Amino acid sequence: MDFKKKKIIIIGGGASGFFAAANLDEDKYDVSILEQNSDVLQKVKISGGGRCNVTHACFDPRELTSFYPRGSKELLSVFTKFQPGDTMEWFESRNVPLKIEKDNRVFPVSDSSQSIINAMTKEVLGKKFEIKTQISVSEIINQDNNYLVKTKQGDFLADIIIYCTGSAPKSLKMIEKLGHKIIEPVPSLFTFNIKDDLLKDLPGTSFENAEIQIPSLKTAESGPLLITHWGLSGPAVLKISAWEARTLAELKYQFEIEVNFISIPISEAENLLKTFKTQNPKKSIGQSKIFNVTNRFWNKVLEICNINPEKQIANISAKELNAILEALCRKKMQVTGKSIYKDEFVTAGGVDLREIDFKNMESKLLPNFYICGEVLNIDAITGGFNFQACWSEAWLISQKLNTNS
């Protein structure tokens, strides 16, 4: 008796779609990936500046969930079944050696995202699955025992749908039409637009460790900080933008921040300055290397405090000293907008998590309909965490389907 393979259609040719396909049983299923763009795995390609930040070397599921502003509770059970160590083993067993960098981000040794793309594409094509690009799905109709997937290029019938489209408004509307509740998406992981004299003419200046507070929200983050043409970026900014994504959207991205560029309490910084002043009285203030900041930034601080850089440090008044400390440790700035962080655009929002069975990522509303990736109301801070959620969710789906008789 001939065994007829079930038809799976994966809508979205990104990280989660490909990883699900790469782990499905080709003896059980006939699989087609439908991608609306001309290229698949576009986010994988540009991630980490083209190096692909595959995951993060955090191997404790409970600790791992602490990096997810939305979805942490639901992901705990997911990560107990497939976590970064499993991701690393999966790629390494397919001849993609990985490395853990000092900040615990994981990259391919090749420093090229193409290694990751090739491994997944080879796996999918090796199973004789179809990859169809430039296919834009316009509607999915839930029929009695299957799904009709309508596209401009023709219709497809599927026994099973894996929906991993990303967070485009069109794809959210399509799944909403099928009965799912959508939490309105707002940007997460964005940089702050700031016009402030202290930042002027200093793009590219970075700080190893800085602290950022949003006083009105009683929230703070620390980490590397970067001055850009538009304002401030770097992990410290991206983390706080992710955690406060919804609140900052409500504020229309207009709020005040307070920055400590040197991550030292103001009293400690004052002691360092006074000690240096006592020990080097004849040194000019402009040439005084007291804190871990660039000379350009130090001189910009002096400029906005109206202090002549040639002035001997012994002659710096208490008022001038206080102005320097305020600029370094308690600088208040007005944020007037946001910019998307590179091309690694992430949203907070998507399919309501209460409607998903996190044992296998199946919709609680639609039979044989699985949802994963950024279309869900799950997001993480930068560092490989968003991809890890994709790999883990996709793996759960493939395991559930492979064990179905």
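This is a predicted model: local features need pLDDT of at least 70, side-chain atom pairs count only at pLDDT 80 or more; totals for chains, interfaces and linings use all residues.
View 1. When its neighbours within four places in sequence are left aside, S392 is in contact with V78, F79, F82 and Q83.

**View 2. Packing of helix α4 against helix α13.** Helix α4, made up of residues 72–81, packs with α13 at an angle of about 70°, and the two axes lie 9 Å apart. Because angles of 65 to 115 degrees count as roughly perpendicular, α4 is described as roughly perpendicular to α13. On the α4 side the contact is made by L75, V78, F79 and K81, while α13 contributes Q388, A389, S392, E393, W395 and L396. Sorted by class, the residues of this contact are six nonpolar, two polar and two charged.

**View 3. The open sheet of strands β7, β8 and β9.** Three strands, in the order β7-β8-β9, form an open sheet with antiparallel pairing. The edge strands, each of which pairs on one side only, are β7 (137–142) and β9 (154–158), and from one strand to the next the twist averages 20°.

**View 4. Pairing of β7 with β8.** Strand β8, covering residues 147–151, runs antiparallel to β7 and is joined to it by five bridges. In this pairing, N142 stands opposite Y147 in β8.

Notes:
Residues are numbered from 1 along each chain as its sequence is written. Side-chain values use heavy atoms; hydrogens and water are left out. Contact means heavy atoms within 4.5 Å. Axes are lines fitted to C-alpha atoms, for helices over the stretch in contact, and angles run from 0 to 180 degrees between N-to-C directions. Helices (H or I, at least four residues) and strands (E, at least two) are DSSP runs, numbered from the N terminus. Angles under 35 degrees count as roughly parallel, over 145 as roughly antiparallel, 65 to 115 as roughly perpendicular and the rest as oblique. Ala, Val, Leu, Ile, Met, Phe, Trp, Tyr, Cys and Pro count as nonpolar, Asp, Glu, Lys and Arg as charged, and the others, Gly among them, as polar. Two strands pair if DSSP finds at least two bridges between them.
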